[in-house]
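Please look over the sequence and the structure shown here before reading on.

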Amino acid sequence: MRTTLSRRRFLRLSSFTGAGLIIGLNGVDGKAFGQLVNLSNDAELVGVTPFVLIDPKGGITIYNTKPELGQGTFQSIPSLIAEELDLTLDLVTIRQSGGQIELGADQFSGGSASIRTSYTKYRKVGAAAREMLVTAASQAWGVPAQECITENGKVLHKASNRSATYQELAATAAKLEVPKEPKLKDPSKFILLGKRVKRPDIPLKSNGTAVFGIDVEVPGMLYASIERCPVFGGKLISFDDSATKKVKGVQQVITCERLIGKYRFEGVAVLADNYWAAVQGRKALKVKWDYQGYDKFSLTAYEQQLRELAKSEGVVDHTKGDFDKAYAAAPTKLEAFYETPMVSHSPMEPMNCLAHWKENNQIEIWTSTQVPFSIKNSFSKEYKVKPEDITVHVQFNGGGFGRRLYPDYVHEAVQLSKKAGKPVKAIWTREDDTQQGPFRPMTFSAFKGALDANKKPVAFQHKVISPSIGAATNPNYDKTKTDGGMTEGISEQAYEIPNMKNLYVHADMHVPLAAWRAVTSTTLAFSHESFLDEMAVKAGADPMAFRLSMLDSKHSDTKRLLEKLKEVSNWDKPLPAGWGRGVAQWEFFAGLAGNVVEVSKKGDGIKIEKVYAVIDLGTMVNPDMVEAQVEGAIVMAITAAIKNGIRIENGKTIQSNFHNNPILKITETPPIEVFILAEGGEKIKGVGEPGLPPLAPALCNAIFAATGKRIRRLPFDINKI
Amino acid sequence: MLNWCLQLSFMAAITLTVNNKQYKIDVDPQMPLLWAIRDFVGLKGTKFGCGMAQCGACTVLMDGNPVRSCSTPVTAAANKKISTIEGLSDNLEHPVQQAWIEFQVPQCGYCQSGQIMTAVAFLKKNPNPTEEQIDAAMQGNLCRCGTYPRIRKAVKRAAELMKAKPF
Ligand code: FES
Ligand code: FES
């Protein structure tokens, strides 16, 4: 598929004022993705991805293609390009891309993927632009290119004392061919990458000027608040809006459809001049729902079903050696069953979207989202408009954590705008956000482990019993196969155990489910690494030594990680009486990290005294940002371990707001120390998620060490152990 | 229900003093101050997080005291001096903002206006806080991104900055 885009349209997109230098990658034509191209002289831009724009009469613009959720891409992604151009960020205007076809399909933030997948790709973009600017200067001055250097947005030739700004050189550079393999900078010369660079969005977030989705206004817009069925799966029968219409400011009451995963749920929207009026009007609505029998659903009963399902064999996820034989023959065996809850994402900015379906069938969207590119494409199919007729203005996201991978709230606003004939801003209440899902699913886990006569682990089995995110999002989900999304990481751990058989048992569920920061690793790491601790105890071994004894040199990353944890936590140093420490590590698609947690007995409960974290990255962009992400991941992980979780009874979510779905407070936050392993190299791991999974097992292992109590179900009450 | 709604639809002209500027607005007297500030005064730095005094994202100062604007009816704010994040300083020179930048506190940033306003009011009352006092003062402000370790450091630093150069 080739997408053609007129130069005029492109110039409008970039507000480019003259013949300058535009460097990109050809992106839409999937076959040749990643080839650098010069877009400056094209009358027609064909399937291209411009990232750096040097305007002779203006500034230097670099696109950030990964929505900023708090994870730092607003600084890190443009830095990859700026570094190669020897530009500090104060010389650059950073723009957030909005899923423009010509900027490529990977305009999303998710999977801790931004840096690990773009590190070299975007550096090449900057390096190519630099080479062209240098060539332009050296030709104009008649000096060898090798004698020219670049700094502060200029090319310099010191011997002849000449210099020219990138802007002055842009028009000439624009006529040159793009170097195919531009030379990348020697990392020892980096001014941005790997450094503690201050993030350009921090000042905006310290004086209230950062614009989030919820802050955008356009003239003539209406505000909407939407009543949805409190029982998942219910259908709208009818509604009475006579009282609603009497509320001052209410303009219209219309229905819309929420597309979430494979589900479509109808809702009744109250549109008003201001948001408060819309909310008051909504309270006055009388809506009749047909619950379709789903009001009989009880999560307590569902959990019992999962326990029953655990007795079935399930499908094989991964095998190694002969588990059944080795387990049967082993002298020492143990079994355990672990349970985890559903949880909500609860980003601080509730879901919201401003949409304008215009008369010419062009759609303009202003929202906080993780997935601008996929919005353009999926909405194009759903609403039968061309992708280029959909404009997405991605705002700063007030948190994502996976919730904003799902544009259900964008669908609602788009439909409401079409029906109302006006721009409509739909804002979810916190109650909507807490009660309507999608939720992170629970996983239940059945384990079998065996030790040989020398107390070495000889057989291991992790059976996962759970509903599935895949089944909730894909109508063609195949229940007869294992589900990599729900067994995430369990067969990827580096421990050498000769006989293994991991299994999956699928359970149906009608509630919308979703990826949550670090996805299924957030529940499976807890059970998996806790059970390994049980095996260590059974073997009479120190949990750290037990883990290290299962790691050979092939698994140097995990080994190095644990050794670092051992060192920084002073693992072998005795703790005061009543204290305990626990360790856990987890490797999965997003990366690798580990924790040592120290706890002490306090009254009937436990106090978390300290968390040590090590994250393994290979190469990183901003150590300060990495530390911030790991700190935040740990806070979020503690919430998920010790706070309520989501309960559903009579088909309805019981929790509604932060009073009964609490998140950790500053007073409950332990001291956290983060250590980064980043020795360089091309093998780059993710940052945003890996800090989260090891916390719960390390905490529970520490509690066992302090109290002898093994926690096998999350959440637990930390004040009553 | 019906009567209650009709009752709500009375409108009242109210004068709000926000960041030393006066705004005349005509709104439902029950409207929370939060929505009056955001949608009628037009200052968007104050955020909606929960709407029930649980998260602190909507914190503004009323005569110097932190209040949850989502749970304060707009009428209660008439004749009071309201300060929002926008009125804190012209160029981020408030010591709390300086400390926030120094420690790179915000992640997504959504809770941070509320965090900063709470810290500003607290440090005015207690210029020499202990770590426990900082925690206690900030505990009503939730942060889903988990910036608490940095908030602790930044509030402490802001206290030092204020001592060196009162704002
Ligand atoms: S929005 Fe006011 S306290 Fe949460
Ligand atoms: S910085 Fe995101 S909620 Fe606090």
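This is a predicted model: local features need pLDDT of at least 70, side-chain atom pairs count only at pLDDT 80 or more; totals for chains, interfaces and linings use all residues.

Residues are numbered from 1 along each chain as its sequence is written, chains are lettered from A and ligands numbered from 1 in the order in which they are written, and side-chain values use heavy atoms, with hydrogens and water left out.

Visitor: How many residues of chain A are in contact with chain B?

Guide: Contact means heavy atoms within 4.5 Å. On the side of chain B, 57 residues meet this rule. Their partners in chain A number 65 residues.

Visitor: What area is buried between chain B and chain A?

Guide: Buried area is the accessible area (1.4 Å probe) that two parts lose on being put together, summed over both. Carbon and sulfur atoms give 63% of the area here. In chain B, the residues that lose the most area to chain A are B:Gln104, B:Gln107 and B:Arg144, together 17% of what that side buries. The total between the two chains is about 5,100 Å².

Visitor: Which residue of chain B meets A:Asp215 in a salt bridge?

Guide: A salt bridge is a side-chain nitrogen of Lys or Arg within 4 Å of a carboxyl oxygen of Asp or Glu. Across the interface of chain B and chain A, the rule finds 5 of them. In one, the distance from N to O is 2.6 Å, and the partner of A:Asp215 is B:Lys47.

Visitor: How many nonpolar residues are on the side of chain B that touches chain A?

Guide: Ala, Val, Leu, Ile, Met, Phe, Trp, Tyr, Cys and Pro count as nonpolar, Asp, Glu, Lys and Arg as charged, and the others, Gly among them, as polar. By this division, the side has 13 polar and 11 charged residues. The nonpolar residues number 33.

Visitor: What distance separates the centres of domain 1 and domain 2 of chain B?

Guide: Domain bounds come from an automatic or database domain assignment. In chain B they give domain 1 (10-86) and domain 2 (95-164). Taken over C-alpha atoms, the centres are separated by 22 Å.

Visitor: Which strand gives the most residues to the side of domain 1 of chain B that touches domain 2 of chain B?

Guide: Between these domains there are 6 residue pairs in polar contact, both at pLDDT 80 or more; a polar contact is a pair of N or O atoms within 3.5 Å, where within protein one must be able to donate a hydrogen and the other to accept it, and residues adjacent in sequence count only if both atoms are side-chain atoms. Two elements give two or more residues to this side of domain 1, namely strand 3 (59-62) and strand 4 (65-68) of chain B; helices (H or I, at least four residues) and strands (E, at least two) are DSSP runs, numbered from the N terminus. With 3 residues, the one that gives the most is strand 4.

Visitor: Which three residues supply 66% of the area that domain 3 of chain A buries against domain 4 of chain A?

Guide: The C-alpha centres of these two domains lie 36 Å apart. Their contact takes 7 residues from domain 3 and 5 residues from domain 4. The two domains bury about 400 Å² between them, 70% of it on carbon and sulfur atoms. More than any other three residues, the suppliers on the domain 3 side are A:Ala515, A:Arg517 and A:Met636.

Visitor: How far is B:Lys81 from B:Glu132?

Guide: B:Lys81 is placed in strand 5 (residues 81-83) of chain B. Not counting residues up to four places away in sequence, B:Lys81 touches B:Thr17, B:Asn20, B:Leu61, B:Met62 and B:Asp63. B:Glu132 is 51 residues apart from B:Lys81 along the chain, and their C-alpha atoms are separated by 30 Å.

Visitor: Is the peptide bond from A:Gly437 to A:Pro438 cis or trans?

Guide: A:Pro438 is in the loop between helix 11 (430-435) and strand 22 (444-451) of chain A. With omega near 0 degrees, the bond from A:Gly437 to A:Pro438 is cis.

Visitor: What is the phi value of A:Asn361?

Guide: A:Asn361 lies in the loop between strand 18 (352-357) and strand 19 (363-367) of chain A. Its phi is positive in a residue other than glycine, with a value near 65 degrees.
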